[in-house]
Amino acid sequence: MSLRTGRPGQAHAVLGLLGGAALVFFALPLVALVGRVTPAGLWAQLGAPAVQQALRLSLEVSLISLGLCVVFGFPLAFVLARVAFPGRALARGLVSLPMVLPPVVGGIALLAAFGRRGLLGGWLEQVGVVLPFTTAGAVLAVTFVAMPFLVTTLEAALASVDPRLEMAAATLGASRWRVLWTVTLPAVRPSLTAGLALCWARGLGEFGATITFAGNLEGRTQTMPLAVYDALQTDPEAAITLGLVLLAVSLTLLTALRGHIGRRR
Amino acid sequence: MFRGLLLLAGFALSACAREGAGQELRVSAAMSLKEALVGLEPEFEARHPGVDVVFNFAGSQILAGQIEEGAPVDVFAAADEPQMQRAIASGRVGPARRFARNRLVLITSLEAAGILGVADLGRPGLRLVLAGPSVPVGVYARAALQQLGFADAALANVVSNEENVRGVVGKVSAGEADAGIVYATDVTPAVAGKLRTLPLAVDVSPVYEVAVLKDSSHAALAEAFVAELQGASGQAALAKYGFLPP
């Protein structure tokens, strides 16, 4: 309000000051982290087999998970945005829950469902599927935590697509799939990209659900965040370097993909 | 808005003020000491009015790392010598004193009834959980397996390296892992019914060491806490929880 009435100069100064303080609050720890790393140390760490293994596993786990998020998350977002069904509000809440739930609670919940003594545990064991302590389990944990970021972003975009565009395409004889592919998808593409970036970045950073549900073993379930935590116990410098690598990857992802959206609007 | 900010600042200040009331002794202690130290806390506080002992329980390697990074700590109790030496090497920690010993045991999940001893730990497909190789109990467990001659086969079955001993207990008592190696004192009454305990006949003797931080702001109180651990009442409390005398 005070932006339009009163003295805009003062309001801007206050907003600028507080906003600037917030930016410093975010930037300072990250800059401090960078300050603790030497280029030589960074290079040595990147060459270490354990680090490369963790990086490779992180990419593998997060990309497989991203694929699952798209295959299941897009339909879920579509249903939530377009289909009115009883309990939709509850379903929306459920989908958003992993975003605010402590990931370790997510991990415990996954154990309760897919663990050996879990709801589906006995049945899974019978058909030979083992999730805890396996890479598949790590993928499941990452998917559980990351998918909501894609779904909620996409859902908002799908709900705001002008239905007249889709109707027009349909009256011109396009099948439902064709409408989806040629009208709906292009309309939500910026949000899809942003959602994918958020989802992937969150997946790369997943720690709590993974270590709780899938455990911590090099090459199998020890993704980058777990490797950082492991390194912190013996070699804090290595942990900082690893953390910086993770930070750089995530920042690149978020800036490249989300920044891209910002320019479009 | 400014009033809101002031209010927030006020809350923050009053929270700080509450924390500052009385004397606070900060004890960083190995996870396995949890019940025993919490058990002897009331007696110590009764004898030192106005003192509140605040514990920070974690794997000793995490606590040593925190001390290296400058964490405010008055007393450090570690579950092995290497982590105590690491803390001492940081220059912040005074001389270490032994105050207890422990024993290793093999624990198995209720489902894994077929495991009768260490020899079974190498069976294909068995899920063994150990503490990580930098965690004291992880070091002891690997030494034990080495000594018994089953290290290679057993270590190939490790599915997770936990950050502290209670992580191992949790995975086995939940039935997710088949077996693990922990301290005898970790089979607390809370979990005793949820797993089976088998003896480990090895010559590995876990030792606990305690030291006062040189930059402690309550050095005398910290010394008193160490004396308590080494004294009759502290030793009795430790014995009650299954620890052996130093």
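Reading chain A from the N terminus, the elements go α-α-α-α-α-α-α-α-α-α-α-α. That is twelve helices and zero strands. Please keep in mind, everyone, that this is a predicted model.

Let's stay with chain A for a moment. Its domain assignment gives domain 1, covering 1-35, and domain 2, covering 42-264. How far apart are the centres of domain 1 and domain 2 of chain A? Taken over C-alpha atoms, 31 Å separate them. As for overall dimensions, the C-alpha trace of chain A spans about 65 × 65 × 30 Å along its principal axes. Of the 265 residues in chain A, 35% are buried. And if you take the contacts in chain A between residues at least 6 apart in sequence, 74% of them join residues at least 24 apart.

Now over to chain B, and to strand β3, residues 75-78. Which strands does β3(B) pair with? One of them is strand β1 of chain B, residues 23-30, which runs parallel to β3(B) and is joined to it by three bridges. Another is strand β10 of chain B, residues 207-212, where the pairing is antiparallel, over four bridges.

Notes:
Residues numbered from 1 in each chain as written. Chains lettered and ligands numbered in written order. Predicted model: local features only at pLDDT ≥ 70, side-chain atom pairs only at ≥ 80, totals over all residues. Buried ≥ 20, exposed ≤ 12 C-beta atoms within 10 Å, placed from the backbone. Helix = DSSP H or I, 4+ residues; strand = E, 2+ residues; numbered from the N terminus. Pairing = 2+ DSSP bridges. Domains from an automatic or database assignment. Contact = placed C-beta atoms within 7 Å.
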